[in-house]
Structures are given as C-alpha cells and as structure tokens.
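Hi there,

Here is the structure I promised to hand over. Please open it and keep it beside you while you read the notes below.

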Amino acid sequence: MTYLFPAGGPRGGTVEVTASGTFDPWPAKVWVSRPGLTVTPAKDKGKFTVAVAADAAPGVYWLRAHNADGASPLRPFVVGTLPEIVESEPNDETAQAKVIDAPGVVVNGRLAKAGDVDSFAVALKQGQTLVASVAANDTLKSPMDGVLQVVSPGGFVVDQNNDRRGMDSQLTFTAPAAGTYVVRLFAFPATPDSSIRLFGSDACVYRLTITTGGFAEFATPLAVAPDGGIVEVTGWNVPDAARRLTVPKGEPGPVDLFHPLLGNTIRVRRESGTVTGKVESAGAPFETTVAGRKGQPLAVRAESRAVGLDVNPVVRVLGPDGKQLARAEPGKLHSDTALTFTPPADGEYRVAVSDLYGAAGRRGVFLLKVAAPEPDYDLSVPADRIAVPPGKSVDVTVKVARRNGFSKPVEVVAEGLPEGVTLATKAPAGKADPNAVVVSLSAGKAGVSGALRLVGRVAGEPALSRPARAPNGEFDEPTADLWVTVSDTPVSPPPPKKKR
C-alpha cells in the first residue's frame, strides 16, 4: 500500500478511500494503530470505506493492509477537526477556482499531473486573516515540494510561502480590502530532477486547510510534567475559549491537543524537568541558572526544530564569573543541540541559549532540559514485518543501544502475539553480545497474521520498559508496531530511505 486518497477524514464522517498498491488476493483487511476508525473493504480492489467515530481523537492514525500472505507498509490517515471536501477539476486557472464558502475547511486533493495547479476562492472582509496550511510531504510523504500563493481580486500574487514545515507550505494573509481572494497550490518535485516545470503525479496527495477561524501555531510551555498541566495557545484567530488547553495526566511522551474552535491539533509533551525558553532578540539570549556539583556531569539539551519551531540553538555554559566553559551548536542545518558539561567546582552556572543565525521573536521558542545523564537504552529491529514459514522458526536480532553507562541485562518479550505464534529467547552460540538479544518466532500452521510488539524489560524496574522500533519506510519516525505473518510467501524488504 503506497498511498491513500483521500488521506484523511473528519470526526464522525465516512470516507471512501482508494489505496494504491498490490492487494492479491482481494479483499484485504486493514489494521489500525488505535481506536477511532473502522475500515471495511469495498467490492472493488483497492477501495475501502473508513468510518471515523464522532469521538475519535484528531491526529494521525497508521493503517496496514494485510491478508494471509503478508502485510503492507504502514500508511498515515489523518483525522481532522474541520469539515472536509474533495478537490475536483478543472481548477487550474484563478477563474476556475472552487469557491470555499465555509469559515474553515480541509481540502483533500492531489496534483495529479505535470503542470497541475489547484485554486480555491475565498471571500474575505477587510482586516480578516486567512490561514492556509498544506500537509503533504511532511505528514504523508507525498513526493511534492508544495508552494502556496494568495492572488488578489485584481490578479496579483500578494503572498507566497514555500517550505514552512519541511517541504510543506503555510501562510497567513490579512486582507487589506474586502474581496474574493484565490489560494492556489502547485509543486516542484521533492527529489529535484532536470525538468523545468510544475510537478504532479497520482501520488501527490495533499490535505489543505483553508480557514478564517482559529488555527494554532504552538502552545507554551512546550512540555508539562506527566501529572498534567495547562498550556497557552499561540496562533491566529484563536478565540478566548480555546486559548488555554488542559494536558491530561498520563505517560511521558507526545500529546496531541485539540479544541472544537481550532482548525488543527497542537502537539506538546509530557516530560519532567524541562524549561520553555524564548530568544526575544538577537542580542538577548535566554539564560537560566543551574546548580552544579564538582565532577558530576550535566546533560544539556535544547530543542526547537524537533518541535516545529525556528531556533537553531547555540548553547553556552557560563561560570560564576561569566567565563564561557562549554559551547555547542547544531551539527547540521535545521537541527537541535546537546552537550554534556562537567562542573569544575560546586556552585551555580548559567546556561545561555541563542540562535545560530541571530533569529528571534514569535517563533524563537525552544525546550531546554538540564539534568544528570540518566542510564537508559533503546531497542531496534531491522524490519517492521516478519515472515515465519509454517512449522519453522525465524530469528530476530534486537539491538540494544545503551546510553550513559546503562549496563543492566535486558529481557525481550512479546506483547500481542497472534494465536499460534510463540517467542523464545535464543541462547548465544558463543560469547554473549551485551548489545543484542536474539529472539525466535515460530508457528505451526500457515494463515496466521497479526500485530505484535517486542518490548525490553529490566528486572525489578518497570519504568525501564522500552519497545523495539523498526524503520517505518520513508517516514522519519520509526515504528513500534510490528507485524508477523506465517506464510511461505516471502515479505518484500522495505525500500531504502530516500535522502532529502
């Protein structure tokens, strides 16, 4: 399964989805990563009906098609908060622009061929602010580098954006005068080639939010403690009722917040010991004071790019006399910064954060954590899909990445194993590798197919439970949602991840 169209739907809606890929034999079943969607195969091959529950949490759901012979890669399906429509042609010219008469809508569309341009007309009052935001390459991995424009009633381009979030575009436009303005979208190839033309293909699927209602940009603080808390929304047209959102108590990790009066979700984290800072101006770095003990290392981490904001953090540690003792900057373009500092004496130290290029202002926000490095580990496996021949077993090597002196033994267990599949830890033939655990999956009969997770556990320390993650195709974030199929049909290896 290579892509879905439409690639999302509204809460409480039902969407007819066409999936590109190979589905033999048909019908195929579809596994969903969390509750909220019911996916039913239609009569025609590659078509599904997706019913979205009225109380489904907005955000990304991962879908995997499967049958007795194997399973597809994971593909994203986005549940939104606004009404949704499907783009229709012709709409290349501004005179053909499709009229958007709702205050907020998500357009499910695609730039289906070379030279394709999609245009949408919106009536604005003087002083009214329009937000247009594309989800394509960043969220859906569509092979397009989209460009958004706003065209005035007189036919002039009055605003344009390219690459606001990765290769996806977003703009806000305040109308200087009342009139009908046109939002238009076109693209270049995400992987540049020798052609000099606008790009398009069946795979160039997008979701375009067009709204004059509330739209969130980010929320501060960027992280709250696992016990929960309140965050303040920064964005456009945000009504007072949606300006403060509650982060519920829960496990550490990312949380997608939403409100009926906002046209999008906003992500924050549950994480202890963090500070949200802001670079107010190029000459005024953010500073905070930390206590240090002689010889006890402190790990300093500043994140902004990872949470979709603009700071390229330069981190400096200053002594009580103001002398610089340590400094670090991003290792590559548009990335974040970390360093480890060992205090030479007991006392207070200042941590200063600025932007590598002197940027500051509204989006100059970052998340800072200073703490003693904690022993920890991560687990990884080479592929998200495992084929087990009936009556045989398959070995899976689980790599253990140890950090900050973590040396305890890790046991790997399976959660959610399909019936008829068993897991055993394989004893090493020679000297044990402390950085790998080999497990064996076996099954007796063909036709078994299902999801599972491989999870690391440390005896007596439930907080150190960690899932094993596998590469998720071309998507940046690996997945813990693995799949096993008992079949003689070999599983195709995942395609190599494209460099961008």
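Predicted model: local features only at pLDDT ≥ 70, side-chain atom pairs only at ≥ 80, totals over all residues.

What follows is a short tour of what was found in it.

Residues are numbered from 1 along each chain as its sequence is written, and side-chain values use heavy atoms, with hydrogens and water left out.

Let's start with Asn108, which sits in strand 12 (residues 104–110). Strands here are DSSP runs of E with at least two residues, numbered from the N terminus. Asn108 has a relative accessible area of 3%, so it is buried. Buried means under 20% relative accessible area, exposed means over 50%, and partly exposed is in between, with a 1.4 Å probe and protein chains only.

Which side chain makes a polar contact of 2.8 Å with that of Asn108? The partner is Glu84. Another polar contact, of 3.1 Å, links the side chains of Asn108 and Arg207. (A polar contact is a pair of N or O atoms within 3.5 Å; within protein, one must be able to donate a hydrogen and the other to accept it, and residues adjacent in sequence count only if both atoms are side-chain atoms.) Leaving out residues up to four places away in sequence, the residues that Asn108 touches include Phe5, Ile85 and Tyr206. Contact means heavy atoms within 4.5 Å.

Next, look at Ser487 and Pro389. Ser487 is in the segment after strand 42 (482–486), and its relative accessible area of 7% makes it buried. Pro389 lies in the loop between strand 35 (385–388) and strand 36 (393–403) and is partly exposed at 25%. Not counting residues up to four places away in sequence, Ser487 touches Ala68, Asp69, Val388, Pro389 and Pro390. With that same exclusion, Pro389 touches Val394, Ala443, Val486, Ser487 and Asp488.

Now for charged pairs. Side chains of opposite charge can pair when their charged atoms come close. A salt bridge is a side-chain nitrogen of Lys or Arg within 4 Å of a carboxyl oxygen of Asp or Glu. How many salt bridges does that rule give? The count comes to 28.

One of them joins Glu217 and Arg362, whose closest N and O atoms are 2.6 Å apart. Glu217 lies in strand 20 (residues 215–220) and Arg362 in the loop between strand 32 (347–355) and strand 33 (365–371), so this pair ties together parts that are 145 residues apart in sequence. Glu217 is buried at 12%, whereas Arg362 is partly exposed at 39%.

Arg363 forms a salt bridge with Asp310, with the closest N and O atoms 3.0 Å apart. This pair also links distant parts of the chain, 53 residues apart: Arg363 is in the loop between strand 32 and strand 33, and Asp310 is in the loop between strand 28 (298–303) and strand 29 (313–318). Arg363 is buried at 11%, and Asp310 is partly exposed at 25%.

A further salt bridge, at 3.4 Å from N to O, brings together the side chains of Glu415 and Arg457. Glu415 is in strand 37 (residues 411–415) and Arg457 in strand 40 (residues 448–457), 42 residues apart. Through shared partners, salt bridges join Arg164, Glu217, Asp310, Arg362 and Arg363 into one network.

Finally, some backbone details. Most residues other than glycine have a negative phi, and most peptide bonds are trans. Against that background, the peptide bond from Asp24 to Pro25 is cis, with omega near -5°. Another cis peptide bond joins Thr220 and Pro221, with omega about 0°. Asn237 has a positive phi near 55° and lies in the loop between strand 22 (229–236) and strand 23 (244–247). Asn404 likewise has a positive phi, about 55°, in the loop between strand 36 and strand 37.

Happy exploring!

Definitions and conventions:
Helix = DSSP H or I, 4+ residues; strand = E, 2+ residues; numbered from the N terminus.
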